[in-house]
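Let's walk through this structure together, from its overall layout to the residues at its core. Keep the viewer open as you read.

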Amino acid sequence: MKKLSTLAAALLAATALTGLPAFAQEHKHSEHHEHHGHGDANEYENTMVAGEIRKIDLENNKVTIKHEEIKKYSMAGMTMNFRLKATNQLDGFKPGDKVRFIPDKVDGGYVLRTVEKAE
Ligand SMILES: [Cu+2]
């Protein structure tokens with residue numbers, strides 16, 4: 001009986017010891033999320049990407065952009081299509097415009113979350 005209670009005490013002590021650092025780490029983790037204001041671990045979630053509009057196709061709700069590296073999706077620079085969030089999203093834009101934008105992957109495609117002129 002004495003041996004058992006000693007074991008129980010040792011287990012309790014071990015739980016107390018391991019429990020504390022785990023709590024501290026969790027707290028730090030949530031602070032990190034709070035700082036970035038989103039639940040995604042991707043540090044490039046809100047990074048603007050530089051690009052140039054090549055073709056605007058309002059009929060199909062898409063735009064062709066020659067873009068630089070998209071770190072968020074580990075994508076090298078290329079020319080590709082993005083879906084528009086709204087049909088008026090590119091009002092005032094034309095092919096040849098230098099832009100900065102944030103892409104989002106939605107339903108297997110890429111959508112322009114925000115877009116603005118680069119200069
Ligand atoms: Cu691409």
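Helices (H or I, at least four residues) and strands (E, at least two) are taken here as DSSP runs, numbered from the N terminus. By that rule the protein chain has one helix and five strands, in the order α-β-β-β-β-β from the N terminus on.

This is a predicted model, in which local features need pLDDT of at least 70 and side-chain atom pairs count only at pLDDT 80 or more, while totals for chains, interfaces and linings use all residues. Residues are numbered from 1 along each chain as its sequence is written. The predictor's confidence in each residue, pLDDT, runs from 0 to 100; its mean over the protein chain is 82, and 66% of the residues reach 70 or more. Over residues 24–39, pLDDT stays under 50.

Now look at strand 4 (residues 98–106) and strand 5 (residues 109–117), which run antiparallel and are joined by eight bridges; two strands pair if DSSP finds at least two bridges between them. They form a hairpin with two residues between them, and D107 in the turn has a positive phi of about 50 degrees. P103 stands opposite L112 in strand 5.

L112 also belongs to the largest nonpolar core, which has eleven residues, including V49, I53, F82, F101 and Y110. Such a core is a set of buried Ala, Val, Leu, Ile, Met, Phe, Trp, Tyr and Cys residues joined through C-beta atoms within 7 Å, where buried means that 20 or more other C-beta atoms, placed from the backbone, lie within 10 Å of the residue's own. Strand 5 gives the most to this core, with three residues.

Notes: Contact = placed C-beta atoms within 7 Å. Buried ≥ 20, exposed ≤ 12 C-beta atoms within 10 Å, placed from the backbone.
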